[in-house]
Each structure stands twice: as C-alpha cells, then as structure tokens.
Amino acid sequence: MGRHIMPLLSPRSLSDLIRGIRSSEKKNLPEFISKAIGEVKKEIAEQSHAVKAEALLKLVYLWMLGYDMSWANFHVVEVMAMPKFAHKRIGFFSAAHSFTQNTEVLLLTTNLFKKDFFSVNPLVVGMALNCLSNICNADLAADCISDVVGLLDHGHPYVRKRATIALFQLFVKYPDGLRPAFPKLREKLEDSDPAVVSSAVNVVCELARRNPKNYLPLAPTFFRLLTEPANNWQLIKVIKLLASLTPHEPRLAKKLVQPITNLITSSKALSVVYECVRTVSIGMRHIKKVVKVCADKLSDFIQHADQNIKYLGLLSLHDLSEDYPELVNDHRDTILDCLDDNDITIQRRALDLVDRMVDQNSLVEVVRLLVEHIIANDGEFRSELISRVVKLCSEGNYARVQDFEWYVAELCDLAHFRDIGRSNGEAIAAQLVEVMLRVPDVREFAVEKMESLVMDPSLSRTADADSSMPVIEAAAWICGEYSEFVGDKVARAQDFLEKRLHSVAPSVQATMLCSAFKLYAAAKKQEDNGDGVVATSEEDPVLADTDDALASFLGDSTPAAAATKESLVSAEKSGLANLENLLKQCLSQYSGSSHSEVEEMSCMLLSILELVQSVSSSEREGLLQAPFSPTLKPINPKAQRKVVPLDGFDLDAEINSDALYDFMRDEEEPQVSIEEAAAASHQEGSEEVGKRKKKEKKEKKEKKTKKKKDLDAYYIGGKKSAEADEGAVAVAEGLEGMEASFGVRKPKKKVYKIVEEEEPTGGATGSGDEKDEISKKLDIDLSKPLDGTERLPTLEQYRATGASKSAKADAADDGEKVVKKKKKKVKAAAAEEAQPDLLGGVLGGEEGGAGVEKAVKKTKKKAKAAEGDGEAAAKPKKKSTKKKQAAEGTIENLLDL
C-alpha cells in the first residue's frame, strides 16, 4: 500500500506520476488518477514557474490517457507567456496538442505569437510557428499571416524553413492570403539553404495537389530543381508535381523525357525510380521510348525480394499495359511466378496482368497454366482463378475462343473442383447454356459431355455439392432441350429418374423431371415414326461394325442376325413401356412435394402424360411436341428495356387493393343471439385483449418493414432491390470434393457461327466525385497580377475591415435584430477592454492567480454593465461608430503589450 501512496505525497515530476500509474492496480487506478489531478490543480495555481510548468506537463500526459484538461486552458496560456525557454516549450507543446479551433482562449494567444515571432532565439520562433500551424483558425491565421510571411526573410535558415512550412495551414484557414503571399513563397524555391527549398517544394506540391493547373508557371523552376543534385525526398516531391502538370501541358512531357530516363537508369533509390515510372504512366504514355525503359526497369521491381516493391512493380506495369498490352508478354514468366506468391495481394495483381497477355493464340496455354494454379491453390484464390478463366474465355463475345469443344470440356473440368463457391457454379452453368444456345455446331459434342456430367456421382457426393447443383441443373436441361443428340434416350431418362433424381437438390429436381419427360417424348416420337429408339447400323458406323462381327461369328447367318435385331427392337419397346411407367410413378410421387416448383412441374407433366396415354398415335405426336417444339434463341438480359410500356399502365400500382379490402370488411359475420354473445364475452374477454395487442404489434412491425423496403435500396424485397442486387452473386462456403485431371487440349481449326445478341441502346452515365472543401478553398488562380486591394492584412486593417462590414450589416437590420447585435458588440467590447488586465496577469503584471481572478471579476462587471447599454447603443449611428472605435482602441492596447 505504501508504494501506491508514496507517489501521491510528492509527485513533483512526470516520472513519479508515470511510475505511480504503472504500479497501481486496476481497481486502485481511478482513485490514484483522481488524487493526481487534484494535486495538479493545486500545483498549477502556484506562483513558481517551474512547479506550474511541471504540473502542466503531467496534465498533458493525463490528457494523452484520455482525461480532460480543457479546464486548464488559461493556465496553458500562462505557461506559454513565461520567459524561460524550457517552460515556454511546455506551454506551446500543451497548446499544440490540447487546443482546438474553438478554444475560447485563442484570442489571448495572438499577442503571444507576435511577440515570440521577434524573439532573438530561433528555437522560440520555430516553436511558436509550429504551435500556430496546429491551432490556428480563420481569425488567428488572418492576424498572423503578415508576420509569418515577414519571417520568410529571416536571417536564420531554421526560421525560414519553419515559416515556409507553417504557411500551408495558414492558407487553408485563410485562403485570401494565398495570392498576396505567393510571390514570397515562390522566392523560397531559389533560397540558398537546401532545407528551405525542400520546405517550399513541399508546400507548393500540397497546394498543387488541389489544382495543378494554377501552378503551371512554376514548371521551369521545378524542371531546374529536377536536373540539379538534391536529396531524394525533395526529388520525389518535384517529380510528383511535374507529373501532375504533364496532363495540362503536353510540351512538358517531351521536355521531361531525358531527365526522367536518366533518373530511371541511373538512380539507385527505388522510391525515385517508382515516382518516375508513375510520372510516365500519368502523362507520358504516348512516348513509347520512355515507356519501354520503364517496363524494363519494372522487371527488377517484380523480381525484388521485398513484397512491397514487388506489389508496386505489378501495379505500375498494369497501368502502363493499358496502352501497351505487349509489355506484359515480355514479362510473362515473371508474372505467372507471382501467382505462386504467399501474399494474396500480389497474387491478385498478377492475376489482373494475366488479362493483358491473352489473345486467340495464347488463350489455351494461359488457361492451362491457370488450371495448374487452380490445382495447387485452394480457398478464395482458387475461386478467383476459376472466375478469371471464365472471364478470359467469354470476354468480348467469345472473341478469343477458337475451339468451342475445348471450351465446353474446360467448363466441365472446372465444375469438378471443390471450394469453387456457388457463384462460380452459377457462372459455369450460365456459360454452358449460353454456348449451347449460341453455337449450334457444338451441341452434339456438348450433349455427350452433359450426359456424363449429370451422371457423375462425384458432383453430388462432394461436400461442395451446393456449388455443383447449378451445373447439374444446366446439364440436365441441355440433355432435355437437345434430346435429338442423346444416343439412348430411354436409358438416359431412366438414369435420371432412378439414379440422380433423389440425390439432387429440390431446385434441380423440377428441371430433371422436365428433361426426363422430354427424353421420353423424343423416344415416343421415334417409336411412332418407326425409326427405332436407338440408332441403327446405317446411322452409326460403330453399330455397323458390331453387326458385321456378329454375322461373322454366326457364320454369316442372315436369319440369325435379323432375329438378333428383332430382339433388340423388342427390348427397346419394352424399355420404353418401362420408362413410361417409371415416369408416371415418379411424377405421382413428386406431385405432393413440399417444394412448390417441383409440385407444379410434376402435376403439369403428369397431366400431359395421362392425356398422351388416352389419345391415338396420330394425335400423340403433336401433343408431345407442342410444349417443346419452339427453338430457344439467346436474348440479351437488357432487352426488356426495349419493350415500350402501355400508356397509363403502372407496374408498381396495386391491383384492386381497395376493392379487396372492402370485400373483406363487408363480409358477413355469423349471426349469434344476444344471450350467446353475453355468455361468450366474459370467456373471450382476456383472449380478445391478448389478440388485439398481438395484432397491433404485428401491424407496427409490418409498417416498419414496409417503410424500410421503400427507403432502403439494398433491403431484400424492397422496391429498389432488383436494381441494387443486379450483378451480385452469392458466396458459398468452401467444401470438400474431388479434383479432375487435366490434359493439354489443342484447339481445332474450325469456324463457328455465333448467334448475336440484340444490344439495347442508351444507358445512364455516372458523374465524377466532387472536390473536397479544401480543394474549393485553394482553387485560386495565381496567374493574374495582384490588384491594389490584394495585400496581406495587418491586424489594424483586418479589424477595420471587419468593423466596416459589421456597420453595413447593422444598417441593413432593423428593430429587435439591431438591438440584439448592438448588445452583443458592446458586451464583446467590454470583454476586450478587460483583456489587458487578463494578459497582464499572464505576463506577471499581477501576482499569480490573484491577478487573474481580479481580471476575471472585472470582465464580468463590465459585461453586466454592457447589457443595460444595449438599447442606447442601437439608436444613434454616430455613437455606435464611436463605441466601435473605442473597442478597436482597446484591442490595439492589447497588441501594444
């Protein structure tokens, strides 16, 4: 216990306070802090400058821990006014960290800053400049900007450097001072001291970042700084500024070719080289010579061991490759090696560059390399690789794909990967359907692949079955839609119903039932036409070879071969009958499914099947083919916009909502006698209250939900949700599965006819981001010459300007508004008149806290007296002017101190 109390007995230093806080337990810490703050309050009121400064230093430390110190703002000003440098430094340090633009005692610091600006100690001047740049507001910046500009000609380089840096914050708070002060700032770019030049370069670069075009006349100066030897940080700033100027002056880009090339090839500082490359990517892309030099240098960046430098190299190469895609092929192996990097950000940047190296000739090889990385990686990056393969192949209306059979095979192989996510499963399914719709020549090959894909048990047995369900659904739909390419339709339909229907998700069951029925309809049509359910030997050369082998084995016995064929046909007919019974059984079973889509599809197909069985063979063909006869054609997703709505037709309006409400309200209730109602009222009384409360709660919740739907564009089910969710995809969990083995496929030289989509015209364009508030303030044209009114204000001019503006505003007002303003101004004048006494206490005119207390009482007394003089001050204009002049006189007296 003693060690916790000991620091409280005499915490005379900051070290004692820190040790006490660290040694205190958590439960005793609040008590310790409370006692420490109480002791600080006592110490900060003492007359000793050393004790007061040390107490303020401890208070700043407590403020850094989150405790309030606004109550000590006046004491901060006291310490700032102390003559000793060690104490003054603590005061300026405390003000720079704890003061804000709305701190009330900022008015008292104006004179302190002006006094310290003319100190013989350069460290004091620099300390005051640093504090001013941290706490200044608009009034303080206007009061002090003339003095700060004057310090630009100070004899000590340190002061000139600190004044140059402080000007930026003054310009931000007081933009009107930028034009008159800019010539002096421009002179500092020619200063003899390198530190001052670097400071001026930093300030100008920050100003030019808002609007570079205003600083275009400085291009010759900065070009000279670029060619002269200097430190790397200054060189980086100069290169940044010149990069921002090149889009506004094309001739500057040509001028920069030689110095930029020299820096790229000779500089050992990678930061300088990167800025040069960035300059080329911003405004010098049209100069191919320097772009080539940058690309060669970026190869060293990409191969660098530092991950940050490697990332910057990939990023810069991506920017340059927008206009020169061939640059990526020069670094192809290096970029592909980055796909194996452990850093996911580098992998993604390398993946972005892969898009630039792909064309018709290299698509197959690049996809093969990406597939190898898909096998080697897992998780989120595997999903990105798969989506990138689909994008590379489908981009530009399949402009890069030469062999669609190869593409369909690649899609089928990608579907076998695990951890691909449902979004990629849906993308693969959409590509399969789109290729089938738009490339008729590939349908026969694709249907064969889809049959094996649907029947592959690994897709539904893997833990990642959720992502494979869209692919299975698309494959089943393709087999049914293009059933003419299915070999054994009966066997395939039976496989769908017996082996796959029960193992797929309900969303796929409806599609699979429909596909099985389409296969049955195609087989039934072949039977009615006498074509046979399966292919004959004349149609299939494989069957012809089988028939020849069978005839040779039987001794060329034609009757035996004919008998074999008859037995096959008989078996086919019996298989079709079995399929019909199996289909009817499955449809009957799933007609009672709990999923509405499966139930609706089953009932519809069951009705058609029963109708087919009840009609003759001549009527059966049209009945079976009618629902499936139209050939589907690709339709652009945005084609609906071309449909012109009817006049006066509102899709969002409710249909007969009032009529339905009136019908429900006017519905007759069952008639009961008075005796029955009286007997039941007592029994149902408590239940009625509960029901009413529950109903009110439900209605309140529904109203809140409806409001959210209408206002929130991203609320599921809201009015705008369809637009907000456009293009969004679901992200599925990564699950286990089986990997497919890939071989190198060589594309076939074949010309495919792709059915074009109809693209709608028009579309909204988005607007760019608006400039921020600081950009608007500092967007000042510096090329125009200064007129007579644009001068840096002295404090007298600034105050006089404010007084004249106030007088004009007062003349425009009348009545009660004028009276309130006059009261406020007289009150402020009285407070300012008392400020010399307050500041006198700070500077030591009064003794310690007693002088401050006396000055505060004097201020309150004058303010109270000012309230009674408000009415009289508002009446005569001449008297008002005299009082304003008197108020200005008191402020001048304050400054004279």
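This is a predicted model: local features need pLDDT of at least 70, side-chain atom pairs count only at pLDDT 80 or more; totals for chains, interfaces and linings use all residues.
Where is the place of asparagine 397? Asparagine 397 sits in helix 23. Residues are numbered from 1 along each chain as its sequence is written, and side-chain values use heavy atoms, with hydrogens and water left out.

The protein has 43 helices and 0 strands. Both kinds of element are DSSP runs, numbered from the N terminus: helices are H or I with at least four residues, strands are E with at least two. Of the 897 residues, 43% are buried. Buried means under 20% relative accessible area, exposed means over 50%, and partly exposed lies in between, with a 1.4 Å probe and protein chains only. Contact means heavy atoms within 4.5 Å. Among contacts between residues at least 6 apart in sequence, 72% join residues at least 24 apart.

Start with helix 2, residues 14-23, which holds isoleucine 21. Isoleucine 21 counts as buried because its relative accessibility is 13%. Leaving out residues up to four places away in sequence, isoleucine 21 touches Leu29, Phe32, Ile33, Tyr61, Leu62 and Leu65. The C-alpha atoms of isoleucine 21 and alanine 36 are separated by 9.7 Å, and these residues are 15 apart along the chain.

Helix 5 covers residues 73-80. This helix is mostly covered, with 7 of its 8 residues buried. Those buried in helix 5 are Asn73, Phe74, Val76, Val77, Glu78, Val79 and Met80.

Helix 8, residues 122-135, contains isoleucine 135. At 1% relative accessibility, isoleucine 135 counts as buried. Residues up to four places away aside, isoleucine 135 touches Ala95, Ala96, Phe99, Thr100, Gln101, Leu106, Phe113 and Leu140. Histidine 97 lies 38 residues from isoleucine 135 along the chain, and their C-alpha atoms are separated by 8.4 Å.

Next come helix pairs. Axes are lines fitted to C-alpha atoms, for helices over the stretch in contact, and angles run from 0 to 180 degrees between N-to-C directions. Helix 13 (residues 219-227) packs on helix 14 (residues 232-245) at an angle of about 140°, with axes 10 Å apart. That angle makes helix 13 oblique to helix 14. Angles under 35 degrees count as roughly parallel, over 145 as roughly antiparallel, 65 to 115 as roughly perpendicular and the rest as oblique. The crossing of helix 13 and helix 14 is left-handed. A crossing is left-handed if the near helix is turned anticlockwise from the far one by less than a right angle, and right-handed if clockwise. Helix 13 brings Ala219, Phe222, Phe223, Leu225 and Leu226 to the contact, and helix 14 brings Gln234, Leu235, Val238, Ile239, Leu241, Leu242 and Leu245. By class, this contact of helix 13 with helix 14 has 11 nonpolar, 1 polar and no charged residues. Ala, Val, Leu, Ile, Met, Phe, Trp, Tyr, Cys and Pro count as nonpolar, Asp, Glu, Lys and Arg as charged, and the others, Gly among them, as polar.

Helix 17 spans residues 288-302. Its 15 residues should span 21 Å at 1.5 Å a residue, and its end C-alpha atoms are 21 Å apart, which agrees. The expected span is 1.5 Å times one less than the number of residues. Buried residues of helix 17 include Val290, Cys294, Leu298 and Phe301. An α-helix has 3.6 residues a turn, so residues three or four places apart point the same way. Among the elements that cover the buried residues of helix 17 are helix 15 (250-266) and helix 18 (307-320). The axes of helix 15 and helix 17 come within 10 Å and cross at roughly 15°. Ile260, Thr261, Ile264 and Thr265 of helix 15 make the contact with Val290, Val293, Cys294 and Lys297 of helix 17. This contact of helix 15 with helix 17 holds 5 nonpolar, 2 polar and 1 charged residues.

Now back to helix 23. Helix 23 (residues 380-398) packs on helix 24 (residues 404-414) at about 155°, with axes 11 Å apart. That makes helix 23 roughly antiparallel to helix 24. Tyr398 in helix 23 is one of the residues that meet helix 24. Tyrosine 398 is buried, at 5% relative accessibility. Asparagine 397 is partly exposed, at 29%. Phi is near 60° in asparagine 397 and near 60° in tyrosine 398.
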